[in-house]
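Here is a short report on side-chain contacts and surface features. Please read it alongside the model.

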Amino acid sequence: MFDPQPLVDWTGGPAFAWVVGAALLYRLGGRHSAHPRSGSDRWRTGSSVAGLVTIVVALDSPIDHLAEELLWVQMVQHVLILMVSPPLLALARPWNRMWHGFPPGFRRSTARAVTHSPLLAPLRRAAGLLQNPLPSWLAFNVTFLAWHVPAAYDATLHSQFVHALEHATFFGTALLFWTRVVDSPPWRSPLAEVPRAIYVCLAMVVSWMLAIAFAVSTAPVYAHYATEASRPSGITALADQQLAAGVMWVPGSIPFTIAILFVVYRWLQPKRPREPSGARPLAGNP
């Protein structure tokens, strides 16, 4: 039977506050734009809203409560954080607009510090390294697998700080990964279409490996779920784990598949020939 208590207890949390702050910056940044709103602007705004709402649904809704009792719900949460919200935000390209939501003085001083401060030189080098596809791919997939190691996973269920750290690293590395797949100015991927498709396909294979590990295991992988006295709907720990494998295998593959198909579609499009550098305009054209 469905328990309505999580809905009653929900009052919002850190992720909700972060989303509200990001939405406010997006709104303020849009007010400073001198260009009239176009259809693409409205589409990107919708994508940005969808990406932010997905974060709230994943981290500040009853899903977060149920994830402590059911592994398959935890996998739904991870899919939303890793494979739904980040590509939506990458498509929305909200970064410059959100940046302009800050006061001009703050932007100038922060930009000066980030670009010139000797103390931040290691951070600049790390950021430059992570712009490359291989480090960003490794950061995303190693983080994904590392947090699913039983010792690390159980730690997230016994410490709110560790749990928040898991979500933050998931989301951060996922944004890094998806901005190598989707051009999201000021970040542009150095990959051509075919390498992008391979880049996404290899990441999907990693998620399949985790799904297979859950599916073929004959005992619960995580002690927390195995030792629960009862769980919603009376589902067994092993059946819960097999459902988690299905979530990771099927819904978790959909965003990857869409990205691969889109990249392949772009690759198959006929390229427009470039005009010779010495070509003259047609008569009657300025």
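## Terms and basis

Buried means under 20% relative accessible area, exposed means over 50%, and partly exposed lies in between (1.4 Å probe, protein chains only). Tyr 222 is buried, with a relative accessible area of 2%.

This is a predicted model: local features need pLDDT of at least 70, side-chain atom pairs count only at pLDDT 80 or more, and totals for chains, interfaces and linings use all residues. Residues are numbered from 1 along each chain as its sequence is written, and side-chain values use heavy atoms, with hydrogens and water left out.

## Aromatic pairs

Rings of Phe, Tyr and Trp (its six-membered ring) pair if their centres lie within 6.5 Å; planes under 30 degrees apart count as stacked, over 60 as edge-to-face and the rest as tilted. The count comes to 14 aromatic pairs. One of them is stacked: the rings of Phe 177 and Tyr 199 have centres 4.9 Å apart and planes at 10 degrees. This pair links distant parts of the chain, with Phe 177 in helix α11 (residues 160-181) and Tyr 199 in helix α12 (residues 193-216), 22 residues apart. Helices are DSSP runs (H or I, at least four residues), numbered from the N terminus. Both Phe 177 and Tyr 199 are buried.

Phe 214 and Tyr 222 pair edge-to-face, at 5.9 Å centre to centre and 75 degrees between the planes. Phe 214 is buried, at 1% relative accessible area. Ring pairs also join Phe 140, Phe 177, Trp 178, Tyr 199 and Phe 256 into a cluster.

## Salt bridges

A salt bridge is a side-chain nitrogen of Lys or Arg within 4 Å of a carboxyl oxygen of Asp or Glu. The count comes to 2 salt bridges. Asp 183 and Arg 196 form one of these, at 3.4 Å, N to O. Asp 183 sits in the loop between α11 and α12, and Arg 196 in helix α12, 13 residues apart. Asp 183 and Arg 196 are buried.

Glu 193 and Arg 266 also meet in a salt bridge, at 3.6 Å, N to O. Glu 193 lies in helix α12 and Arg 266 in helix α15, so the pair ties together parts 73 residues apart in sequence. Arg 266 is partly exposed, at 35% relative accessible area.

## Charge over a ring

A charge sits over a ring if NZ of Lys or CZ of Arg is within 6 Å of the ring centre and within 35 degrees of the ring normal. Arg 97 lies over the face of Tyr 26, at 3.8 Å from the ring centre.

Technical notes:
Helices (H or I, at least four residues) and strands (E, at least two) are DSSP runs, numbered from the N terminus.
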